[in-house]
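These are my notes from an afternoon with one structure. I wrote down what I looked up, in the order I looked.

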Amino acid sequence: MDRLTRYLYTVVSIITLLALWYIGGVTLPEVIPGLPETFAALVVVLTTPGPYGNMFYFHVWKTIEMLFASLIVSMVAGTILGVALGRNETLESTLATWVYAWLAIPSLVIVFVSAIWIGFDASSGYFAIPLVITPFVGLNMWEGARNLDTDLAEMAEFFGAGRLQTFKDIIIPQLAPFLFASFRSGLSIGWKITLLVEAFLLTRGVGFMFRRYFDQYDLPTMMSWLIIFVVFLIAVEYGVLAPLHERVMEWRPEAEGVRVTE
């Protein structure tokens with residue numbers, strides 16, 4: 001499918017969603033905020049200072065700051081953990097059960113326990129969010145490390161490549177799809193946990209604004225905050241991640257009729 005056709009399908013899906021939203025707002029106004037009302041609330045949010053005199057971008061920035069700081073920590077820790085598990089059988093046998101147990105702990109429990117341990121402020125969020133994301137990153141990288149082609153590394157060594165060159169030219173390209181998948185997975189999970197932390201523990205950020213308007217049962221304003229952050233995440237995906245992914249993976253040959261999934 002060519003790029004223009006993909007864009008057309010995307011535009012059609014957006015128009016369909018807006019049409020369904022409009023119909024839902026007209027037929028079920030008690031539970032689905034109307035499209036015109038949401039647009040009006042969005043204009044107010046974008047142009048009027050909110051609680052404590054802060055504009056919308058202050059809250060969005062605070063959420064982004066916590067989300068990406070936590071994501072960087074999780075990517076580093078999860079990659080080290082996953083690669084270590086994938087390349088060391090003794091470590092894998094020892095820690096595998098604990099990683100699965102870590103994944104089974106509900107995110108809400110981690111957030112609340114972190115707040116009790118550290119305090120009801122932003123520092124508990126910076127502690128809890130990486131704790132939630134890291135095992136998901138580790139699991140992806142674990143699978144990637146297990147599928148490394150060791151023959152390629154041995155061949156590079158045979159032809160005199162050093163460890164640094166082998167790591168840069170052989171190992172990293174093989175792990176790249178798993179790194180992108182881990183980042184996307186971490187971003188998806190991380191922003192939900194960040195909103196949870198802000199909603200329960202903080203007085204700034206998009207999550208706090210959600211809770212504030214939830215308490216007031218103001219559905220159009222809640223939806224307008226959701227739109228702001230979803231637009232930001234889509235911009236990150238199509239403005240940063242997708243072009244970077246395409247550039248990094250351009251060496252990879254594409255087989256006709258085969259689409260690589262990550």
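Entry 1, surface. Accessible areas here come from the Shrake-Rupley method with a 1.4 Å probe, and for residues only the protein chains shown count as cover. By that method I noted that the protein chain exposes about 15,900 Å², of which carbon and sulfur atoms supply 68%.

I am working with a predicted model, in which local features need pLDDT of at least 70 and side-chain atom pairs count only at pLDDT 80 or more, while totals for chains, interfaces and linings use all residues. Residues are numbered from 1 along each chain as its sequence is written, and side-chain values use heavy atoms, with hydrogens and water left out.

I listed 10 helices and 0 strands (DSSP runs, numbered from the N terminus: helices are H or I with at least four residues, strands are E with at least two). The C-alpha atoms fill a box of roughly 70 × 50 × 30 Å along the principal axes. I found that 36% of the 262 residues count as buried (under 20% relative accessible area; exposed is over 50%, partly exposed in between, with a 1.4 Å probe and protein chains only). Among contacts (heavy atoms within 4.5 Å) between residues at least 6 apart in sequence, 72% join residues at least 24 apart.

I looked up how helix H9 (residues 206-215) packs on helix H10 (residues 219-248): the angle is about 165° and the axes are 9 Å apart. Axes are lines fitted to C-alpha atoms, for helices over the stretch in contact, and angles run from 0 to 180 degrees between N-to-C directions. H9 and H10 are therefore roughly antiparallel (over 145 degrees; under 35 is roughly parallel, 65 to 115 roughly perpendicular, the rest oblique). On the H9 side the contact includes Val 206 and Phe 210, and on the H10 side it includes Trp 225 and Phe 229.

Is Ser 224 buried or exposed? Ser 224 is buried, with a relative accessible area of 0%. Leaving aside neighbours within four places in sequence, I found Ser 224 in contact with Thr 38, Ala 41, Leu 42 and Val 45.

Helix H5 (residues 107-118) packs against helix H8 (residues 163-201) at about 45°, with axes 11 Å apart. H5 and H8 are therefore oblique to each other. Among the residues in this contact are Leu 108 and Phe 112 of H5 and Leu 196 and Phe 200 of H8.
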